[in-house]
Structure formats: C-alpha cells, structure tokens
Amino acid sequence: MKQHLLNRRIRLAGVALAAGVALAGTAQAQDKGSVHIAYVEWASTVASTSVMQAVLEQAGFDVETSSLSAAAMWQSVASGDTDVLLAGWLPVTHEDYYAKLKDDVVDAGISLEGAKLGMVVPAYTEAGSIDELNEYVDDFDGKITGIDPGAGVMRLTEDVITDYDLDYSLVSGSGATMTAALKSAINNEEDIAVTGWTPHWMFARWDLKFLDDPKETYGGAEQIHTITRQGLEEDMPEAYEILSNFKWDTELMGEVMLMQEEGGDPDEAARKWVDENQDIVQQWLPQN
C-alpha cells in the first residue's frame, strides 16, 4: 500500500514537473516577442507569408499579419509600423517603391529566383505575342483583366498598352477576381488576357501561356526579396536570421499555393506543409 502511494506521488510529481517545464517553455517563447508581417493578397505572397508565420511560430515567436495594398505594404515596413514584407519583386516590378524607400528599409536577401511577370492567356488562344493583340481585339472584348491597382504588374501593363499602342483597357480588381474571370473564360473556351506571374497555382490548374514581349516592357526574370524595417536585426536577431535564411524555389512555392487553393484555409495548409517539410524548414532556422 505504501509503495503504491509512493509510486503515485512520484507520477504526480513527474506530471507537475513536466507541466512546469512546458509553462516555462511557453513563457520563454512568448519572451521572444512578436513579428509583424505585411503582405498583399497575391497567391505567391499569401504562400510565403503563411509559411513564414508557421516557421516563426515554431521558433517561438508570436506573429501578426496585415493585409495591405502593395504601396501600403512597402510604406508600413519603411515607417516601422510592420517588421517585414516577403514580396519585394525586384529589379523591375517594385523598382519605384524600392527607389523611393531603400534608405528606410533593409534588403534581407532573395527568397526566390526565377519569378516572372507578363500577360497570360489560355494556351488555345491564337495570339502568341503582345504585338499581335490588336488583330484580336474583338476576341478579347478590348480588355485586359488585372489585379489590384497598386500592383507593379498593373503599372507595367499600363506601360505595355502604351508601348504597343494597344486598343485595350486595363480592368483592375484583385488576384481572386482575376483567377475567377480566367476560370470562367476557360470553361466557356473564350479568349481572355490577364496580368499574370509565376509562381502561381493557376499554371498548375490550367494550360496557359505567356504572350511574347518583344519590347521587354515586363522585364526579364524577377527575384522575390525579403525586406525588413531598419533595426529589426538588432532588436530581434533570431527572427531576422530566420527571415534572411528563407529561400525556396518555384516548385516548392507552387506546392503551397496549390494546397492553399484546394484546401480553403491558407494558414492550415501552410502549417501542414511546414510539418511535412521539416528538412527544408531546418535550413531556415538558426543553426546553434
């Protein structure tokens, strides 16, 4: 009987100790502070932001996110209202924002190489080049379907309309309305031209092509940069190291985007991807 009571007391003491360690670990994690990520509602940026949120939380940080327009996203980091953005498309797409704010932000590194912007159409579309579009203006109803007005691809598409003297208007909307319009047109086998980019899940979903851009108004290959506020490296060196280490490729980002599109909950899909790809995640975490 005495031995039974002793064993029970030992078990209870062990549970209490484990609980104490867990609480101490939680308190320590909370002491690491909060990282505030600014993002814009583009499929690629939602993927990066939700994955990095899961990784930073795994490392013990609290994470807050704010959905903003592209211009407000850059300004919020430059002013220090948020800590980081994961959607610095350079050298062309966000060149205006970077030129204006580069003295107020820190380029923490390239997270993805080989991104691309351009005008995207279904593969069955007869036109193969932007300079042919005026021949098919009626097929496209004289419009190009775009995303939010502050996006760099929208500014470049306005330049494309001017450079190629296109008889088209650019219709603004959002990433979601653009893909919805693309889906509807493809279902009806109609022509549609949209402002597009890779990586994006729509290339896995449908057979699409970029129109040739002989004047190279959209530029060449783009890089996606991680941009932080000044002082983040000094204030939160571990968080900064994780953000600076964050590097992946179009295939990996495409996996996350497709999971998010099919799953309905971007955060849940990102956490699942992070759980299943710890070999990659460990490369981003500090190597102590």
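Glutamate 189 sits in the loop between α6 and β7 (194-198), with helices (H or I, at least four residues) and strands (E, at least two) taken as DSSP runs and numbered from the N terminus. The model is a predicted one, so to speak of local features takes a pLDDT of at least 70, side-chain atom pairs count only at pLDDT 80 or more, and totals for chains, interfaces and linings use all residues. Residues are numbered from 1 along each chain as its sequence is written, and side-chain values use heavy atoms, leaving out hydrogens and water.

The cut-offs here are under 20% relative accessible area for buried, over 50% for exposed, and partly exposed in between (1.4 Å probe, protein chains only). Proline 122 lies 67 residues from glutamate 189 in sequence, yet their C-alpha atoms are 8.8 Å apart in space. In helix α6 (residues 175-187) there is threonine 179, which is buried, with a relative accessible area of 9%. Setting aside residues up to four places away in sequence, threonine 179 touches His200, Trp201, Met202 and Trp206, contact meaning heavy atoms within 4.5 Å.

As for the overall picture, the protein has 12 helices and 9 strands. Buried residues come to 47% of its 288 residues. Of the contacts with a separation of 6 or more, 81% are between residues 24 or more positions apart.

Strands β1 (residues 34-39) and β2 (residues 62-67) pair in the parallel sense over 6 bridges; pairing takes at least two bridges found by DSSP between two strands.

In α9 (residues 237-245), Ala239, Tyr240, Ile242 and Leu243 are buried. They cover an arc of only 160° around the axis, so they are on the same side of α9; the arc is that of the directions from the helix axis to the C-beta atoms. Helix α11 (residues 266-276) buries Ala269, Ala270, Trp273 and Val274. Seen down the axis, these fall within an arc of 135° and therefore line one face of α11. Glu268 and Asp275, on the other side of α11, are exposed. The cover over the buried residues of α11 includes α2, α10 and α12 (278-284).

Helix α12 is also where glutamine 282 is found. Glutamine 282 is partly exposed, at 38% relative accessibility. Beyond its neighbours within four places in sequence, glutamine 282 is in contact with Gln58 and Gln287. Glutamine 282 and isoleucine 242 are 40 residues apart in sequence and 9.8 Å apart in space, C-alpha to C-alpha.
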